[in-house]
Amino acid sequence: MTTHDGGCLCGGLRYRVSGDPLWVTACFCRFCQRATGALGMVEPIFDITRFQIIEGAPSRYVHVSAGSGKAVNVHFCATCGTKTHLTFERWPDRLGVYAGSFDDPGWFAFTPENSKFIFLDDAVRGAMVPAGFKVFRQHAATADGTPLEPEVLHEVLHIR
């Protein structure tokens, strides 16, 4: 099984994942916009047992999701502030990684078969979604965790 490492800006916090992500989420919600300072976030999701801290100890900020009312734990380096990963009260067996914190942020597949875009209603002007991907206007599941049916884009969506 392949492994991929990542970490923070200062190098004090390092992690390793093994295997491929279960799926990849691209999110345009306000939380992800604020957390990244960008249009949104690309977040590969892993089984939590496939992730390990290999150097340092992350600090944690607990954010209560407005949508689910459940805690989202943002793990970050206390020295440089880099966010590396997220854990979820709602899905305790899963973990999301801030894709940009990988040493090679493009190592994983990001395709219509393994990926989805969520919170399109919150996307800012200039955001784009490629044709063929599954999309959701808000979250991909109800507050109780029931999966919702996606729409599949037949052409590029350019938020104006």
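Analyst: A strand, in the terms used here, is a DSSP run of type E that holds at least two residues, and strands are numbered from the N terminus. The model under discussion is a predicted one.

User: What makes the place of Val152 a strand?

Analyst: Val152 belongs to strand 13, which covers residues 151-152.

User: Why is Val152 called partly exposed?

Analyst: The relative accessible area of Val152 is 37%. Buried requires a value under 20% and exposed a value over 50%, so the 37% of Val152 falls in between and the residue is partly exposed.

User: Which residues is Val152 in contact with, leaving aside its neighbours within four places in sequence?

Analyst: Val152 is in contact with Gly132, Phe133 and Lys134. Pro112 is 40 residues from Val152 along the chain, and their C-alpha atoms are separated by 9.1 Å.

User: How many helices and strands are in the chain, and what makes it as compact as a globular protein of its length?

Analyst: The chain has one helix and 14 strands. Its radius of gyration is 15 Å, and the globule rule gives 15 Å for 160 residues, so the chain is as compact as a globular protein of that length. The C-alpha trace spans about 45 × 35 × 30 Å along its principal axes.

User: What percentage of the residues count as buried, and what share of contacts joins residues at least 24 apart?

Analyst: Of the 160 residues, 41% count as buried. Among contacts between residues at least 6 apart in sequence, 52% join residues at least 24 apart. The accessible surface of the chain is about 8500 Å², and carbon and sulfur atoms account for 53% of that surface.

User: How many positive and negative side chains does the chain have?

Analyst: There are 15 positive and 16 negative side chains, and the centres of the two sets are 6 Å apart.

User: Why is Ser101 called buried?

Analyst: Ser101 has a relative accessible area of 7%, which is under the 20% cut-off, so the residue is buried. Ser101 is placed in the loop between strand 9 (94-97) and strand 10 (115-118).

User: How do you know that the side chain of Ser101 makes a polar contact with the backbone oxygen of Tyr98?

Analyst: A polar atom of the Ser101 side chain is 2.7 Å from the backbone oxygen of Tyr98. The limit for a polar contact is within 3.5 Å, so 2.7 Å meets the distance requirement. The backbone oxygen of Thr84 lies 3.5 Å from a polar atom of the side chain of Ser101. Beyond residues up to four places away in sequence, Ser101 touches Gly6, Gly7, Tyr15, Lys83 and Thr84.

User: What makes Gln33 a buried residue?

Analyst: Gln33 lies in helix 1, residues 30-36. Its relative accessible area is 6%, under the 20% cut-off, so Gln33 counts as buried. The backbone oxygen of Phe28 is 2.6 Å from a polar atom of the Gln33 side chain. Apart from neighbours within four places in sequence, the contacts of Gln33 include Phe28, Leu39 and Asp122.

User: Why does Phe119 count as buried?

Analyst: The relative accessibility of Phe119 is 14%, under the 20% cut-off, so Phe119 counts as buried. Phe119 is in the loop between strand 10 and strand 11 (128-129). Phe119 also has a positive phi of about 60°, although it is not a glycine.

User: What makes Leu120 buried, and where is it found?

Analyst: Leu120 is found in the loop between strand 10 and strand 11. With a relative accessible area of 4%, Leu120 is under the 20% cut-off and is therefore buried. Neighbours within four places in sequence aside, Leu120 is in contact with Phe28, Val135, Phe136, Arg137 and Leu157.

Definitions and conventions
Residues are numbered from 1 along each chain as its sequence is written. This is a predicted model: local features need pLDDT of at least 70, side-chain atom pairs count only at pLDDT 80 or more; totals for chains, interfaces and linings use all residues. Side-chain values use heavy atoms; hydrogens and water are left out. Helices (H or I, at least four residues) and strands (E, at least two) are DSSP runs, numbered from the N terminus. Buried means under 20% relative accessible area, exposed over 50%, partly exposed in between (1.4 Å probe, protein chains only). A polar contact is a pair of N or O atoms within 3.5 Å; within protein, one must be able to donate a hydrogen and the other to accept it, and residues adjacent in sequence count only if both atoms are side-chain atoms. Contact means heavy atoms within 4.5 Å. The radius of gyration is taken over C-alpha atoms; the globule rule is 2.2 Å times the number of residues to the power 0.38. Accessible areas come from the Shrake-Rupley method with a 1.4 Å probe; for residues, only the protein chains shown count as cover. Lys and Arg count as positive and Asp and Glu as negative; His and the chain ends are not counted. The place of a charge is taken as NZ of Lys, CZ of Arg, CG of Asp or CD of Glu.
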